[in-house]
Amino acid sequence: MTTRKVAATQFKAECLRLIDEIGASGESLTITRHGKPVAMLSPIPEAAPAGLIGARRGRVARYVDPFAPATRAEDWAATT
């Protein structure tokens with residue numbers, strides 16, 4: 001991954017265009033003030049898609065009886 005340097009004044013003037021370029025190229029950008037690096041802007045790496053097994057791990061708040069039916073039989077009684 002390469003890093004490009006840009007002065008803070010140029011970054012301020014061309015911020016949105018530079019952000020679009022970073023997203024497209026994957027290149028990091030070092031922002032300088034008076035020739036000294038003050039900030040670094042880099043693209044966020046794409047997250048790998050979660051697999052089906054274990055994807056919900058840690059997200060179930062609680063369960064009382066995991067083997068009980070999802071609904072009660074009374075809820076499904078037909079009305080005439």
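Let's start with strand 1 (residues 3-7) and strand 2 (residues 28-33), which in this predicted model pair in the parallel sense, with five bridges between them. One of the pairings to look for is R4, whose bridge partner in strand 2 is L29. To get from strand 1 to strand 2, the chain passes through helix 1, and this β-α-β crossover is right-handed.

Now follow strand 2 to its other neighbour. Strand 3 (residues 36-41) runs antiparallel to strand 2, and five bridges join the two. Here T32 has P37 as its bridge partner in strand 3. Strands 2 and 3 form a hairpin, with two residues between them. In that turn you will find H34, which has a positive phi of about 55°.

How much of strand 2 is covered? Five of its six residues are buried, leaving the strand mostly covered. R33, which belongs to strand 2, counts as exposed because its relative accessibility is 54%, and the cut-off for exposed is over 50%. R33 also shows how folding brings parts of the chain together: R33 and A7 are 26 residues apart along the chain, yet their C-alpha atoms are separated by 5.9 Å.

Finally, look at the largest nonpolar core, which has six residues: V6, F11, L18, I22, L29 and I31. Take L18 as a member to explore. Leaving aside residues up to four places away in sequence, L18 touches R4, V6, Q10, F11 and L29.

Note on methods:
Residues are numbered from 1 along each chain as its sequence is written. This is a predicted model: local features need pLDDT of at least 70, side-chain atom pairs count only at pLDDT 80 or more; totals for chains, interfaces and linings use all residues. Side-chain values use heavy atoms; hydrogens and water are left out. Helices (H or I, at least four residues) and strands (E, at least two) are DSSP runs, numbered from the N terminus. Buried means under 20% relative accessible area, exposed over 50%, partly exposed in between (1.4 Å probe, protein chains only). A nonpolar core is a set of buried Ala, Val, Leu, Ile, Met, Phe, Trp, Tyr and Cys residues joined through side-chain atoms within 4.5 Å. Contact means heavy atoms within 4.5 Å. Two strands pair if DSSP finds at least two bridges between them. A crossover is right-handed if, with the strands pointing away from the viewer, the path from the first strand over the helix to the second runs clockwise.
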